[in-house]
Amino acid sequence: MSSRASYRWMVASRCIAAIVGGYAFTTAITVFLSLTLPGPRAEVVVFASLLSFVFYLLAVLWVFAAKTAWRAWLWLLVPTLVLATISYLIKRAVI
């Protein structure tokens, strides 16, 4: 594969990581915050949803600032899986 094609695949991978991985990360952290923050349920959900815009922005910035595309994927997927697992366990314990 030529260096030009390799570069294009790296940029495409980062774009997909920013869009899909950033969305998954943002969703996981929003659910986690909605379940763990104290206060009335409706207000906590709205607050977590408003914060989600900041987290999505940070995820996109991180993806394009990461040294490699692999590192960008790794640093998005690991926290996403951890937060999703913790949220699932919290939800299972509450019900």
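At 21% relative accessibility, Trp 73 counts as partly exposed in this predicted model. The cut-off for a buried residue is under 20%, so Trp 73, at 21%, falls in the partly exposed class. Trp 73 belongs to helix α3. Residues up to four places away in sequence being excluded, the contacts of Trp 73 are with Ser 13, Ile 16 and Ala 17. Tyr 23 stands 50 residues from Trp 73 along the chain, and the C-alpha atoms of Trp 73 and Tyr 23 are separated by 12 Å.

The fold contains 3 helices and 0 strands, and the order along the sequence is α-α-α. The radius of gyration of the protein is 16 Å, whereas the globule rule gives 12 Å for 95 residues; the value is well over that of the rule, so the protein is more spread out than a compact globule. The C-alpha trace spans about 55 × 25 × 15 Å along its principal axes. Of the 95 residues, 25% count as buried. When contacts between residues at least 6 apart in sequence are considered, 68% of them join residues at least 24 apart.

In soluble globular proteins, nonpolar side chains tend to be buried together. In the present model, the largest nonpolar core has 13 residues, and the members that touch the most other members are Phe 25, Ile 29, Val 63, Leu 76 and Leu 83. At least two residues of this core come from each of α1 (3-36), α2 (41-65) and α3 (69-94). Helix α1 provides the largest share, with 6 residues. For Leu 76, one of the core members named above, the contacts beyond four places in sequence are Ala 17, Gly 21, Gly 22, Phe 25, Ala 59 and Val 63. Two of these partners, Phe 25 and Val 63, are themselves listed with Leu 76 among the core residues that touch the most other members.

The aromatic rings give a count of 1 pair. The pair is formed by Trp 62 and Trp 75 in an edge-to-face arrangement, with 6.4 Å from centre to centre and 80° between the planes. An angle over 60 degrees counts as edge-to-face, so the 80° between the planes of Trp 62 and Trp 75 places the pair in that class. The two residues are 13 apart and the pair links distant parts of the chain, Trp 62 lying in helix α2 and Trp 75 in helix α3. Trp 62 has a relative accessible area of 33% and is partly exposed. Trp 75, by contrast, counts as exposed, its relative accessibility being 52%; the class begins over 50%.

Thr 30 is located in helix α1. With 14% relative accessibility, Thr 30 counts as buried, because the value is under 20%. A polar atom of the Thr 30 side chain lies 2.7 Å from the backbone oxygen of Thr 26. Residues up to four places away in sequence aside, Thr 30 touches Ala 48, Ser 49 and Ser 52.

Definitions and conventions
Residues are numbered from 1 along each chain as its sequence is written. This is a predicted model: local features need pLDDT of at least 70, side-chain atom pairs count only at pLDDT 80 or more; totals for chains, interfaces and linings use all residues. Side-chain values use heavy atoms; hydrogens and water are left out. A nonpolar core is a set of buried Ala, Val, Leu, Ile, Met, Phe, Trp, Tyr and Cys residues joined through side-chain atoms within 4.5 Å. Buried means under 20% relative accessible area, exposed over 50%, partly exposed in between (1.4 Å probe, protein chains only). Helices (H or I, at least four residues) and strands (E, at least two) are DSSP runs, numbered from the N terminus. Contact means heavy atoms within 4.5 Å. The radius of gyration is taken over C-alpha atoms; the globule rule is 2.2 Å times the number of residues to the power 0.38. Rings of Phe, Tyr and Trp (its six-membered ring) pair if their centres lie within 6.5 Å; planes under 30 degrees apart count as stacked, over 60 as edge-to-face and the rest as tilted. A polar contact is a pair of N or O atoms within 3.5 Å; within protein, one must be able to donate a hydrogen and the other to accept it, and residues adjacent in sequence count only if both atoms are side-chain atoms.
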